[in-house]
Amino acid sequence: MNRINALFIAACGISLTAAAYAASYPAWQPDTTYTAGTIVSYNGHDYKALVTQTDYSGTGWNPTVGSLWQDLGADSGTPSPSPTPAPTPTPTAAPTPAPTPQPTATPAPTPAPTATPIPGSGCSAAWNASTAYNKGDQVSYNGVNYSANWWTQGNNPSTSSGPTGSGQPWTVVNNCSGGSTPAPTPTPAPTPKPTATPTPAPTPTPTPAPTPTPVPGWKLVWSDEFTNSSIDTSKWQFEVNGKGGGNNELEYYTDRPQNAYIDNGHLVIKALQEQYTGPDGTRSYTSARIHTKAAWTYGRMEASIKLPYGQGLWPAFWMMPQSDIYGGWAASGEIDILEAINTKGAGGNTIYGSIHYGAAWPNNQHTTVAYTPASSIADNYHLYAVEWENGQIRWYVDNVLYSTQTQWSTTGGAYPAPFNQPFYIILNVAVGGSWPGNPDGSSSFPQEMDVEYVRVYQK
């Protein structure tokens, strides 16, 4: 979940506070290309680079701006002064990185300037949500040409563009004509059905929802359709703590029915704004995090989910290894089937699928791909799934393939480790944290993640 395994942290007694970053790292320098994972200091904080092959050109790319850095917390060393700009170096080629949403410290981006139309100017190739674009690539969308500021995938240029240095992945080039940029397909309004006068009859027994196999060759081996009156504790285990999930989250996860319950055949995980005190202290928000008692090696894992929204909300449908046989997080792996942050706000309508691997933190690695569904992820249910096989993991939204990963590694074993061992499923709604930032005046509570069903298939 772009996070350190909370169970691993609890076992080791690690607290990710400012004290954890006591070492002073080299000062950030402008006009320097940093590889993903590099840690620098800037104005009293340490930051970790999340993107490789990016020109950090000029002071406008400092670590507090945009979505290119993760704030690791206060640095005990001397604050880094604002450096003097230097000539922009030639970017170094590197593996395709993952786009990462804006941290809390990001100022509001400057609105993209309106390009002056150039008569007869042709449109570049139409933007495609499933295509990865490198820095300098040009696309067109709705009669406007855009240029990529860095590697990006799934970020709609019309809603994620701004001047160079604004932290947005796209910059407007000019208006264009003669292209064939497809406009989004609107969701048709449902046709109302005429109301008929019914003939009184006995109330029938509800028929259970069917569980069809989505792809030929897959067999259903586990599911929860949430038809019971309460959460089935033979299938699910509550995680109760206020440790912050390894991400500086603000919620206290409880096992109370106020935070997780069954309503009309759906699982509801509800985040509340309330003062709550437990063994880990007092928190201003509560929520729930549950995981399956079963674990699987390979399979299709899917869930139909409607997501919460707002600044500081971070829902997830993800998987962790049953045992850390290859080492501590993330050497033993993590599979994020679905994450979303700040939906309907800075996060738009984008979701993310990721894998975490490599060495134990802080030398871990990850690969993340973004995708923007055509309809609202907060107002509609969507089917989120991975198909995980030996040496390959595929991500789907509504059975549309948007990412395939085959490259990973671990210091604890040979490929295809770490993704060759049993993993269990987790559902949770986090509040705040290093990735989405904290709630603000625009956030509203309570917020719910509604789940129609969770199913596991194997071949």
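Leaving aside its neighbours within four places in sequence, Asp450 is in contact with Leu267, Val268, Ser304, Ile305, Lys306 and Tyr381, where contact means heavy atoms within 4.5 Å. The model is predicted, so local features need pLDDT of at least 70 and side-chain atom pairs count only at pLDDT 80 or more, while totals for chains, interfaces and linings use all residues. Residues are numbered from 1 along each chain as its sequence is written, and side-chain values use heavy atoms, with hydrogens and water left out.

Asp450 lies in strand E23 (residues 447-458). Helices (H or I, at least four residues) and strands (E, at least two) are DSSP runs, numbered from the N terminus. Which side chain of opposite charge is nearest to Asp450? It is that of Lys306, 4.2 Å away. Lys and Arg count as positive and Asp and Glu as negative, whereas His and the chain ends are not counted. Asp450 has no salt bridge, although the residue is buried. A salt bridge requires a side-chain nitrogen of Lys or Arg within 4 Å of a carboxyl oxygen of Asp or Glu. Buried means under 20% relative accessible area, exposed over 50%, and partly exposed in between (1.4 Å probe, protein chains only).

**The protein as a whole**

The protein contains one helix and 23 strands. Of its 459 residues, 52% count as buried. Among contacts between residues at least 6 apart in sequence, 68% join residues at least 24 apart. The accessible surface comes to about 19700 Å², and carbon and sulfur atoms account for 53% of it. Such areas come from the Shrake-Rupley method with a 1.4 Å probe; for residues, only the protein chains shown count as cover.

Strand E16 (residues 334-339) is largely enclosed by the rest of the structure, because six of its six residues are buried. Strand E18 (residues 364-371) is mostly covered, with six of its eight residues buried. The table lists the pairings of these strands; two strands pair if DSSP finds at least two bridges between them.

| Strands | Sense | Bridges |
|---|---|---|
| E15 (residues 313-321) and E16 | antiparallel | four bridges |
| E16 and E17 (residues 351-358) | antiparallel | four bridges |
| E17 and E18 | antiparallel | eight bridges |

Individual residues mark these pairings. Ala316 stands opposite Glu339 in E16, and the bridge partner of Glu334 is His356 in E17. Gly353 stands opposite Val369 in E18. E17 and E18 form a hairpin, with five residues between the two strands.
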